Amino acid sequence: MDVFSAISGRRSIRSYLEKEVEQEKIDRILEAGRLAPSAANRQEWKFIVVRDPDTREKLIRAANGQAFVGEAPVVLVACATECTSVMPCGQPAYTVDLSIAFAFMLLQAYELGLGTCWIGAFNENAVKEVLHIPESVRVVALSPVGYPGQSIPPRPRKNLEQIVCYDGYR
């Protein structure tokens, strides 16, 4: 599968089969995150792989009751280990870095036949409590990972003319 096929085919999956995800696939997903670019190549991140059913159940509550988060056999949690760096453009480096790495990981999961769903609707303090994450670390995103239990058609997207400008903002 080429990159564009993965980008155009990936969907947010909210239903998962009761089938374990092979460790080799999890390792490949984690490797995609490890290889992602980061500001000044600092790689100030940790990825938590949650397989334990009781812990996944607790993450449902931390993710505002989204049951499908715990339905998947794996939940990935993207954490920033250094949160004070600001890029020259004014953006916090950790949000950009973790977003790039997590996007790489979710695309890799799709190529491996797995479903994911980027979760931004969660209570960070509750996630930290469940997973014993230090206060200084930021939780940027969660994603269930598993074999899709549903097929999702493409969602509508704006056309390029609506989102692209050349040589200035118009």
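**Close-up views of cysteines and nonpolar cores**

View 1. C89 counts as exposed, at 58% relative accessibility (buried, under 20% relative accessible area; exposed, over 50%; partly exposed, in between; 1.4 Å probe, protein chains only). The model is predicted: local features need pLDDT of at least 70 and side-chain atom pairs pLDDT 80 or more, while totals for chains, interfaces and linings use all residues. Residues are numbered from 1 along each chain as its sequence is written, and side-chain values use heavy atoms, without hydrogens or water.

**View 2. Surroundings of C83.** For C83, the closest cysteine sulfur belongs to C79, and the separation of 9.4 Å is too far for a bond. C83 is partly exposed, its relative accessible area being 23%. The structure holds 0 disulfides (cysteine sulfur pairs within 2.5 Å).

**View 3. The largest nonpolar core.** This core (buried Ala, Val, Leu, Ile, Met, Phe, Trp, Tyr and Cys joined through side-chain atoms within 4.5 Å) has 22 residues. L59, V77, V127, L131, V139 and L142 have the most contacts inside this core. Two or more residues come from each of α3 (53-62), α4 (68-71), β2 (74-80), α6 (124-131) and β4 (138-146) (DSSP runs numbered from the N terminus: helices, H or I, at least four residues; strands, E, at least two). A second, separate core of 21 residues includes I29, A36, M105 and L106.

**View 4. Contacts of V127.** With neighbours within four places in sequence left aside, V127 is in contact (heavy atoms within 4.5 Å) with L59, A62, V77, F122, I133, V139 and L142.
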